[in-house]
Amino acid sequence: MAMRITRRRLMEAGGVMAATTVLPGLPGSAQAQDAEAHGLSVFGELALPRDFPHFAYVNPRAPKGGTLTLQIKQASGNQSFDTFNTLNTFVLQGDGAAGMDACFDSLMTGSADEPGALYGLLAKSVAVSPDRLTYRFRLRPEARFHDGSRVTARDVAFSLNILKAKGHPSFRLLLGEVVSAEAEGDDIAVVKLGPKRSRDLHLIVAGLPVFSQAYWSTRDFTASTLEPPLGSGAYKVGRFEQGRFIEFERVAGYWAKDLAVNIGQNNFDRVRWEYFRDRQVAFEAFKSGIITFQEEFTSRIWATGYDFPAVKEGKVKKEALRKTEPVASQGWLFNLRREKFADPRIREALGLAFDFEWTRKTIMFGSYERMTSYFENSDSKAVGKPSPEELALLEPFRGQVPDEVFGEPFLPPVSDGSGSDRALLRKADEMLRAAGCKRDGNVLKLPNGQPFEIEFLDSSPALQPHTQPFQANLKKLGIKATSRLVDPAQYQRRTQEFDFDIVSQALSGSAIPSDSLRIVYGSQAAKTPGSRNLAGIASPAIDAVIETIGQARSYAEVVVAAKCLDRLLRAGRYWIPMWWNDETWIAHWDMFDRPRTKPKFGSGAPGTWWFDAEKAKRIGKA
């Protein structure tokens, strides 16, 4: 499927926006004039001219054909890793199916070489008012939904308005400063933003899916449904079996197949997503060729599992690609809504019981590094003491935030690698006692006198090898720590309702953070059921810094503010950081080919790949 900036990427923590240079008088800048441009940029000029033929990282002559079969590895909105029961992925209700983004076009779409820019898709051009509050998108007259009806400005206005009013909470939080979306005839959609708009809101608007107003006029937008929706994208829903698989068929007469933003992409005739509740079963499906492309996240399997006959015979290729983009932040999150986690000393003490060094050596084959920052592998990671520019942003909050914010950022301790570092456990015990906890025999009691008990909630046993030794150390502190594995539907309900003690979460990294971070760290999100602020972080200082990120006018300003955010988050002890990998691990049956050029941001796999019939024939997969 297309390597483009999608709704999913826009909803990930920090957005997807990056920068090139900072120049005046550009579309999206404060000095912009009402002149039509072929795209929008965050800070600098568009890297590609109006008549660019295609993106540099695609093969414009890539053949069409074949099937790509894979498993969902990243979820957003109402999607689940283990099952699906609705094809409406834009609302809170239900477990959304994988791959639905491919059915919908947006006004503009992005480049994996230049994630700070969008180029016209449904919209041929856009005119921006000098105050950056009004955007007039001119739609292409040839744009069509799959039923042949024209995509009009009324559909654009309908889509933005209904996502703001009835969409998933993530949409509603992002679109709060969209004042109005209206149509001027069939071809001009006018979007007006509020004076408190964020820097990237126009890019979020331009990257959202466009729905058919006529189609939804007779349907409930908020309901779960297994009726394939009407879209205008490169693919449409084909065969599916609820909870087991879903196929997408390439639209042969896709209206935008020859646009520069699509050349060399959408190359597979069919894309199929397979669902498995057990990771080992899913891996067996890959080994047997049921799944043909695999991104691997389990170090044990990567180190020991790829020794099956198809690999030895050269039918399956295994590759480690160096990451050039920021990595996902991953950790165990405390639910701060629970009284037992109210004291940051208690939260830090619990983190001391996790022996990463032993886990890395014993369970993860030395493949991972300890995560220390919310912005690993990026310029936004806080290092050392705050710079004068950072201090200028942080000083107004002195006395309201931990003093640590004004010094070296917090780093998780390095253990002796024994699996049960006595010095760290002793320090944890001291911190718990200082926070008012008391030992009663083998039981640690909270300041309120209740036994300290913790439940780790998950829908998969994949992290159990990492969690159980951690829980054993917590037991030595007198804490009863257990795991609760529930089915995907119950897991989604409980996380949406914030009904848990501790859960794990991974959030994709961003080349340049944006104020979409409020979805996961903002105070409003903390009290919005279904939001991604699972931890319940509610801090005026964090809210203010996120707004500063959203209002920043240069890359340098964003980096300064993001480093401040990193310091505040790390000082809050809101999580127990896990680990990260500077490589992308992929394996695939040798039936594909790819462009020679890799995108600057990301691997390009499998979005820019194509089916190679000769290769498939050689390995018996024709």
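A salt bridge is a side-chain nitrogen of Lys or Arg within 4 Å of a carboxyl oxygen of Asp or Glu. In this predicted model, the side chains of Arg338 and Asp501 meet in such a bridge, at 2.5 Å from N to O. By this rule the count comes to 39 salt bridges.

**Salt bridges**

- The pair of Arg338 and Asp501 (2.5 Å, N to O) links distant parts of the chain, 163 residues apart. Arg338 lies in the loop between strand 15 (329–334) and helix 9 (344–352), while Asp501 lies in the loop between helix 14 (488–496) and strand 21 (502–507).
- Arg338 counts as partly exposed because its relative accessibility is 25%, whereas Asp501, at 6%, counts as buried.
- Arg484 and Glu455 also join their side chains in a salt bridge, at 3.6 Å from N to O. Arg484 belongs to strand 20 (residues 480–485) and Glu455 to strand 19 (residues 453–458), so this pair ties together parts that are 29 residues apart in sequence.
- With a relative accessibility of 40%, Arg484 counts as partly exposed; Glu455 is buried, with a relative accessible area of 17%.
- Both pairs are part of a network of salt bridges that links Arg338, Lys340, Glu455, Arg484, Arg494, Asp499 and Asp501.
- A further salt bridge joins the side chains of Lys315 and Glu313 (3.5 Å, N to O). Lys315 is partly exposed at 28% relative accessibility, and Glu313 is exposed at 52%.

**A buried charge without a salt bridge**

- Asp113 is found in the loop between strand 4 (108–111) and strand 5 (114–120).
- Asp113 is buried yet has no salt bridge.
- The backbone of Lys600 does approach Asp113: its nitrogen lies 2.8 Å from a polar atom of the Asp113 side chain.
- Not counting residues up to four places away in sequence, Asp113 touches Ala56, Tyr57, Lys598, Pro599, Lys600 and Phe601.

**The nonpolar core**

- The largest nonpolar core has 187 residues, and those with the most contacts inside it are Phe137, Leu350, Phe452 and Tyr521.
- Helix 18 (residues 555–572) supplies the largest share of this core, eight residues.
- Leaving aside residues up to four places away in sequence, Tyr521 touches Ser329, Tyr374, Leu507, Asn533, Ile537, Ile542, Asp543, Ile546 and Leu569.
- In soluble globular proteins, nonpolar side chains tend to be buried together.

Key
Residues are numbered from 1 along each chain as its sequence is written. This is a predicted model: local features need pLDDT of at least 70, side-chain atom pairs count only at pLDDT 80 or more; totals for chains, interfaces and linings use all residues. Side-chain values use heavy atoms; hydrogens and water are left out. A nonpolar core is a set of buried Ala, Val, Leu, Ile, Met, Phe, Trp, Tyr and Cys residues joined through side-chain atoms within 4.5 Å. Buried means under 20% relative accessible area, exposed over 50%, partly exposed in between (1.4 Å probe, protein chains only). Helices (H or I, at least four residues) and strands (E, at least two) are DSSP runs, numbered from the N terminus. Contact means heavy atoms within 4.5 Å. Lys and Arg count as positive and Asp and Glu as negative; His and the chain ends are not counted. A polar contact is a pair of N or O atoms within 3.5 Å; within protein, one must be able to donate a hydrogen and the other to accept it, and residues adjacent in sequence count only if both atoms are side-chain atoms.
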